[in-house]
Amino acid sequence: MLRFVVRRLLQLVPTLLGLSVLLFLWVHALPGGPEYSLLGEDATTEQREQLRQSLGLNDPIWIQYGRFMGKLLQLDFGTSLATGQPVMTEFLNRFPATAELAVTAMLIATVVGIPLGYFAARYRGRLIDTSAVAGSLIGICIPVFFLGFIFKVVFAQHLGILPSAFRQTAGLDATHPTGFFVLDGLLTGEFDAAWDAFLHLVLPGLTLASIPLAIITRMTRASVLEVLGEDYVRTAESKGLQQRVVRGRHILRNAMLPVVTAMGLLTGSLFAGAVLTESVFAFQGMGSFVYQATQTRDYPVLMGFIMLIAVIYVLVNLLVDISYSLFDPRVRVR
Amino acid sequence: MRTKRSHAMRGLAVLAAAGVLATACASERDSSSGEELNETKPFVFAAPGDARSLDPFYATDGETFRVTRQIYNTLLKHESGGSEIVGDLASSWEQNDEGTVWTFDLEQDVTFHDGEKFNAEAVCANYDHWFNLKGDFQDSNVSYYWQKIFGGFAENENDDLPPANYKSCTAEEEFKAVIEVDKYSANLPGGFSMAAFGIMSPKVLAAQADSEVTGEPGAFEFPAYSQDPAAVAGTGPYRAVGWDKASQEIKLERFDEFWGEAAGIKTIIIKTISDENARKQALEAGDIHGYDLVAPADVAPLQEAGFQVPERGVFNVLYLAYQQEGNEALEDLAVRQALSHAVDRQRIVDTILPEGSEVATQFMPDTLTGWSPDVTEYEYDPEKAKDMLADAGVADLEIDFCYPTEVTRPYMPAPRDIFDIIKADLEAAGVTINEEALPWGDYIPKTDSGGCSLYLLGWTGDFNEAYNFLGTWFGHYDSGWGFRNDDIFDGLDAVANEPDPAKRETMYQELNVEIMDFLPGLPISHSPPSIAFSADVNPPTVSPLTQEDFSEATWK
Amino acid sequence: MSTKTDKIDRLAELTAKRGGRDGHGASLWREAFGRLRRSPMAMAGTVIVGAFVIIAIIGPWIAPYDPTAQAWGNEVFPNRNMFVGPRGENWFGLDHLGRDQFSRMVIGARQSLLVGVVATLLGFAAGAILGGIAGAAAGLGKSWGRRIDTILMRFTDMMLAIPALLLAVSVAALMGQSLATVMIAVGVAQVPIFARLLRGSMLAQAHSDYVLAAKATGIKRKRIVLAHILPNSVGPVLVQATLTLATAIIEAAALSYLGLGSPDQSIPEWGTMLADAQRFLSGAPQLAIYPAIAIIITALGFTLLGEAMRESLDPKLRK
């Protein structure tokens, strides 16, 4: 088991190294050269020359890469052009918000998607099946920002039952020890703050959940269908075991494996969706910050966040792979 | 055996019940009286962008000033809702005949937020401190307004800096400050009202004497204390008590020892929502109680829904610039005239700009002294435009045209729409347009340095003096306009140094006629930028200079 | 990472299969096509895609007016929320600058098709080169071949690690705002998928029976590639390309929303039209709804068709 984990970790290293090379090249390919990524576009030629000297940008490229890697390993991604804060600080500030949103979206997607997919497979061909499949196909095809906008208009504006923006009602005095607002409220006993934060998560969470929900529904359905055809299910049924036991012990557990791995993959699409969702709902997380960075050409932020998101994605998938291997020993041998 | 799902169901039900109870309790609170609400309910205002500093001296952007105007006072200010100069920290003032000695009689019972007493020495501490700035502080990105109004520093370290006009500040009596300048400038007395010159507590100035600007040239970071609410202190009706950069929220609290009328609402929160639509929806959903720069299309629907959208006076101009160095054709006056006839400005005013907008005949609104009714007018005539272009030998003119994206300006609420109309108009006159869209941060440097032949830009006045408009652009060679016209330069130089306001008025009128004959660009419109408030608040008096004083607001 | 690539790999393995009950006989194609015709999903998808492509092609002939002409500019008042809805002259009404909405929708189909096709072609071309080299290197055996394959596959893994939208955003940052940017950005995001697909396909076929048989009978390698391997790869590639087209259209809309699409609003494109019309949702919802529905239906059509094709190639893959 340990060997498996170590082997997979080692496989990560070249991937991450390669990423860092890509990013380094990207920064140097930006119009105006890497000075832009530090100075923005307001600088005069002299200032830029000064910077090139002081940063050693006239050194051979592999020395520059070495310096770049050195900084990366110290988690120094430079300073945001827009806010003047270190990129890492901005990342840590905003990570809890997006994480909370992503977890909410995943929860919705799984709590609704898995049972839906199961019943769709179970009652194959009936109404619930066709509507589940149709719904999931449509879900992938609706632009996320449009969906968010519609939700805002219907629920926040016309019905007025849910808030339209932010993570918390402005002016609500709440202590935030961890940065995860709902958790904070529960930890500090400020239940109205926790409830307020929860309400603010509903609409963005639903919006962000649309694509994972669609995918999980279909994957569960497909996976359950496949398992239903397997011998061991028929054996269990013929043994006269109760439906519920068959369902729980055999079908679901075996069907879940591919779904669990899919959840790991979805992390990537969650980040992408978060960029759009957070800007629609003014939800101050990593996504809306990346959006602002594209508007203001804040290259250090773009570079740093992309690198960090890729690292998280890779780590999450590694975790998923490891947990998958706990269920299915065959994987370890591959 | 209970399955996991029914456990979850019960948990959810409990949570829902708790929530209903919580919201039920919350809604009871709102039915209290206005006075109680002033103490308990914070007023949330959404700004389109973040403030950059809590020390206004370093900044140039309206969002910083929106915050710092609540925290600091200046020697002079504009009357609430108008453009007349009145006293702020100075109860009265006078100038000598040459306009070189300015005497201020100061308010006497003023305390800073940190307990220091305000007096003439405090005033001079501020002005002298600015005059004596050295090193990176002399960069125009860090001390823009000082350089614009008072010129250079005690020791200019760079030949590009203008000579210093500021001479000295003397505390003649405990509450009488005298500021001397070398020559009269039309920037005074208006300059004394600029938000950048908010008076800071001398204790803070002393404590921060060694503060430094960090970062690289072109990307300077203001000194650390300017980001810390606890480190600054002004004399204003509010003090800054919190700046949460992650949530982009600045929290202001009423200062109880304010020397003037105490602020109505105890807590003000200024939040950043960069998306225009999101601002509107936040107001409609009750998440905020006011926001600035309402899209013209939203004004009527908001009013119908019960929100307040008071109309501000007009104090800006939007223009189409003709940068004469980039494209040879623009050097020909006939070509500039032709292009000006091609644009249907009335359509822009009627269909894109808010109610109360009007077509601009010159580079300043008629609310300013010095506006001239006699300027040459360029009526919309596409056929004439085509003919004139053909006569000038450029029937197939090809020209680049820049506009900014992802931004609304008080004088330009929908840049792309305005651009699209002008582009279509010019194309109808036979011109080929190469369009270039730039985000605001890139747009200013590029247009400033002459990188665009045609571009849209504008200006909101800082104070009630025509020089603030005309002098900003046409006082001397400017790479954004790319021309040298000594008649205009000399004319503006003369008016800048003319202390007699009556004489200045005539000079401005003549200059406006001259400028509109030379046609360095086409003034398009003046428009009132809209601000919206929720129905349950008594809003502050709105200002044509977009300088609202939030201390005037109260809950109903 | 493993399951995403698994799905692609399984698709690639199909190229090595032969149809029929015992591995000989009727080609994979004919069986697949037969299944396709009987599938309602395929029918629906084909109708939608067909309609879309036809409209896109004959667009300029059926559009009643010039989509960029602000001919009715004086009748529309966006500053007062007064818009012109559908009427005799303008079947879909006018947009906020007085242009005919129906013409814009029709020409917009053309732009969307253009963006989708070019992006997919770019992704396929780059991916084919990458995957082809990797597959060939691995197939030729020997350690250096395998190493090249591993390196190239690590490279594609890296690209898969960055969410597609962020990848597109970084490309757009390099290139500035333009239609070309959107095409390239979306195309770049598809490269790793096609690369993986083609590599997998080549590897699967290199070991399949009929290729070994062909080699054994002495048929030249080039002929094997041209006559057998390539045609067999077409199926899965077509499936993937169809699905990619659907994603491309949606990603392009997302990029426009983020302000990275073509700034020239006069040439209509559904994504930019949608992003721009959101501010008028209260006064003129049709300005946003038309392009939104168009994007959704078109993407849906391609997805249905792609999924149906995938299912028909191998019923076991029915998802």
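## Strand E13 of chain B

Strand E13 of chain B covers residues 290-294. This strand is mostly covered: five of its five residues are buried. The model is a predicted one.

E13(B) has two pairings to look at. With strand E1 (residues 43-47) of chain B, the pairing is parallel and runs over two bridges. Here B:Ala46 sits opposite B:Tyr291 of E13(B). With strand E20 (residues 530-533) of chain B, the pairing is antiparallel and runs over four bridges. B:Gly290 has B:Phe533 in E20(B) as its bridge partner.

## A four-stranded sheet in chain B

Chain B also holds an open sheet of four strands. The order is E4-E5-E7-E6, and the pairing is antiparallel. Which strands form the edges? They are strand E4 (90-95) and strand E6 (166-173) of chain B, and each pairs on one side only. On average, neighbouring strands of this sheet are turned by 20 degrees against each other, direction ignored.

Now take one pair from this sheet. Strand E5 (residues 101-106) and strand E7 (residues 176-181) of chain B are antiparallel, joined over five bridges. In this pair, B:Val101 stands opposite B:Glu180 in E7(B). A helix packs on the sheet as well: H4 (residues 120-131) of chain B. Helix H4 of chain B touches E5, E6 and E7 of chain B. The direction of H4 makes about 165 degrees with that of E6(B).

## The largest nonpolar core

The largest nonpolar core has 335 residues. Which residues have the most contacts inside it? They are A:Ile306, B:Val123, B:Leu470, C:Ala168, C:Ala185 and C:Leu274. Two domains of chain B each give this core at least three residues: domain 1 (56-60 + 71-202) and domain 2 (316-526).

Leaving aside neighbours within four places in sequence, A:Ile306 is in contact with A:Leu23, C:Ile162, C:Leu166 and C:Ser170.

## Where chain A meets chain C

How many residues of chain A are in contact with chain C? There are 42, and they touch 38 residues of chain C. Several helices of chain A each supply at least two residues of this side, among them H1 (2-29), H9 (191-228) and H13 (299-327). The largest share comes from H11(A), with 10 residues.

What classes of residue make up the side of chain A that touches chain C? It has 32 nonpolar, eight polar and two charged residues.

Terms used
Residues numbered from 1 in each chain as written. Chains lettered and ligands numbered in written order. Predicted model: local features only at pLDDT ≥ 70, side-chain atom pairs only at ≥ 80, totals over all residues. Buried ≥ 20, exposed ≤ 12 C-beta atoms within 10 Å, placed from the backbone. Pairing = 2+ DSSP bridges. Axes fitted to C-alpha atoms, helices over the stretch in contact; angles between N-to-C directions. Contact = placed C-beta atoms within 7 Å. Core = buried A, V, L, I, M, F, W, Y, C linked by C-beta atoms within 7 Å. Domains from an automatic or database assignment. Nonpolar A, V, L, I, M, F, W, Y, C, P; charged D, E, K, R; others polar.
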